[in-house]
Amino acid sequence: MSRAAATFAALTLGAVILCAGCAKPPKPGEPLVGLTPEERALFDRGKARFTTVFTPGTGLGPTFNSDACAECHEDPAVGGRGDEVEVHVSAFMPETGFCDPLVDKGGFVIEQKVTPALHAALGIDSEPLPPDATVAHRTTPDVLGFGLLDAIPDSVILANADPDDRNHDGISGRPNRFFDGRIGRFGRKALVPTLAEFNNGAYAAEMGITSPAVPNEETVGGQPIPAGVDSVPEPEINQEGLDLTNAFVRFLAPPAPEKLSKVEKRGRQLFTEVRCNRCHLPALWTGNNPVRALRYKKVAAYTDLLLHDMGPELADMCLGQASPSEFRTEPLMGLRFSANSEGEGEASFLHDGRAKTVEEAIRMHGGEGAASRDKFAALSEAERAALIKFLESL
Amino acid sequence: MKRKSISFGCLLTLVVLALGFGARSAPTTSAPTEAQAVGEPAYLNCTVRAVDVKTRTVEVITGVGYALRLYRMSVAPACEISVGGSAAELNNIKPGTIVRVRYQPVPAGPKAPPRLMASAIETVSFSESGGVR
């Protein structure tokens, strides 16, 4: 081989290696990097399920919040956030600490829409609210990167828990538990243990679609569905449909990290200085996983997946072991989609969308977040702006 | 010699306890289904919603994700009840407690659907269920 040819070969090899290292990060709604061809095929087929629009003729309802997964999770791409706000209810018994999700009265998800057949039978436009229930509103988050959150071992969540605040830092995170005792992580109250269960449950609770995982229809305010209102035989979606939907959500890539400006880097520093990072942990690690793209990965989720007391001002409903004022540390990954929303509806933050800006959301932190809120308030205007710039880059 | 037999006894106890724990944590739990045969026992991990000592009934909650379901169960007269590993009475089971129930459908009459009968109720310790997903 001539010297020129050898140089050319070396340069070509170098370019190939360089290109591999500089592969474009996934855009919102695209799959994780490193999926096998088979996993990628499942993702693509799952996306078709996620975007499938149901009708009463294919099982929708008779009570429901939406007719497709992607109807809510849509902005800025399929799997993103939505402007829909749900209604949840429960009843807290302060004397015993027991939280009743009011299942016998249709809780805890109160569906906001009904099929024409149910409307004709009962004359209602939404599932009735149980009397004396505590009513809470919940915005629709994006689900990008949730497969990575699912792959974080319980042991990692437990390792960050400090229910009795033994380190005396004023922060005492604790895990929530599902009704069967398993550690939860999904949902604003960290109720649901796994992503698959969250998705399978959503088919029933959000769309009224029965499946092998949830073979029975939801009630209407705790009462059975009137005869003849839903004639589609159960299950209304098969196991393959569930598996494909789960594959799509599981393989959705997290928001790609953005190159930080000088101001944003300063904001990241301030994020640590005011101790936001005590609950919004910048990174967690996944454990062993059958999917290589989910195995031993760093997840820049900015959450500890634990419950924290956020004070009486933010308190609404209880759920599982979570008291009315306890909320899971909201993952901040994907915050840029809310902050820079170009979809329908105005930007909104916190669990119920009461904050209209990131700064407002920070100032509404109470309870265990109060100390950081006060430190934030004490920053100079430029420093506060830098911190917010950083948050809006996540 | 005596010391050796004590050690052996301890070891045997540990093995029996370990096997017992494995057997306790091993059964998969399943919510009642229409396909479940009358008399077929199953286990369910769930949260107690209500206890009625007079009628010997319990209401328990479990589900899948946000799709929760409520089950009413009769408590058999010979139901084995334990709280924290010690034998207990039905009135010791409080709302909000996470329990493991052994139950089975039993006939409720010629036209009525089978009712659920609990034959064992034990409180679940968090350390036991902590790592199970």
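Some housekeeping: residues count from 1 along each chain as its sequence is written, and chains are lettered from A, with ligands numbered from 1, in the order in which they are written. Because the model is predicted, local features need pLDDT of at least 70 and side-chain atom pairs count only at pLDDT 80 or more, while totals for chains, interfaces and linings use all residues; side-chain values use heavy atoms, with hydrogens and water left out.

**View 1. Where chain A meets chain B.** Here 38 residues of chain A are in contact with 26 residues of chain B, contact meaning heavy atoms within 4.5 Å. The two chains bury about 2700 Å² between them, 60% of it on carbon and sulfur atoms. Buried area is the accessible area (1.4 Å probe) that two parts lose on being put together, summed over both. On the chain A side, Phe98(A), Val103(A) and Phe179(A) lose the most area to chain B, together 21% of what that side buries.

**View 2. Polar links between the chains, and the chain A side.** Three salt bridges run between chain A and chain B; the term covers a side-chain nitrogen of Lys or Arg within 4 Å of a carboxyl oxygen of Asp or Glu. Five residue pairs, both partners at pLDDT 80 or more, are in polar contact across the two chains. For that, a pair of N or O atoms must lie within 3.5 Å; within protein, one must be able to donate a hydrogen and the other to accept it, and residues adjacent in sequence count only if both atoms are side-chain atoms. Elements giving two or more residues to this side of chain A are β3 (98–100) and α7 (195–207). Helices (H or I, at least four residues) and strands (E, at least two) are DSSP runs, numbered from the N terminus. The largest share, seven residues, comes from α7(A).

**View 3. A salt-bridge network.** Asp100(A), Asp104(A), Lys105(A), Arg49(B), Glu59(B) and Arg72(B) are all linked in this network. Zoom in and you'll find Asp104(A) paired with Arg49(B) at 3.2 Å, N to O. Arg72(B) and Glu59(B) meet at 2.7 Å, N to O. Arg72(B) is exposed at 54% relative accessible area, whereas Glu59(B) is buried at 14%. Buried means under 20% relative accessible area, exposed over 50%, partly exposed in between (1.4 Å probe, protein chains only).

**View 4. Two salt bridges within chain A.** Arg49(A) and Glu240(A) form one of them (3.9 Å, N to O). Arg49(A) sits in helix α2 (residues 37–50) and Glu240(A) in helix α8 (residues 239–251), so the pair ties together parts 191 residues apart in sequence. Glu326(A) and Arg174(A) form another, at 2.7 Å, N to O. Glu326(A) belongs to strand β10 (residues 326–328) and Arg174(A) to the loop between α6 (154–160) and α7, 152 residues apart. Glu326(A) is buried at 11%, while Arg174(A) is partly exposed at 26%.

**View 5. One face of helix α12(A).** In this helix (residues 370–377), the buried residues are Ala370(A), Ser372(A) and Phe376(A). Down the axis they fall within an arc of 160°, so they line one face of the helix; the arc is that of the directions from the helix axis to the C-beta atoms. Their packing partners are α11 (358–363) and α13 (381–391) of chain A.
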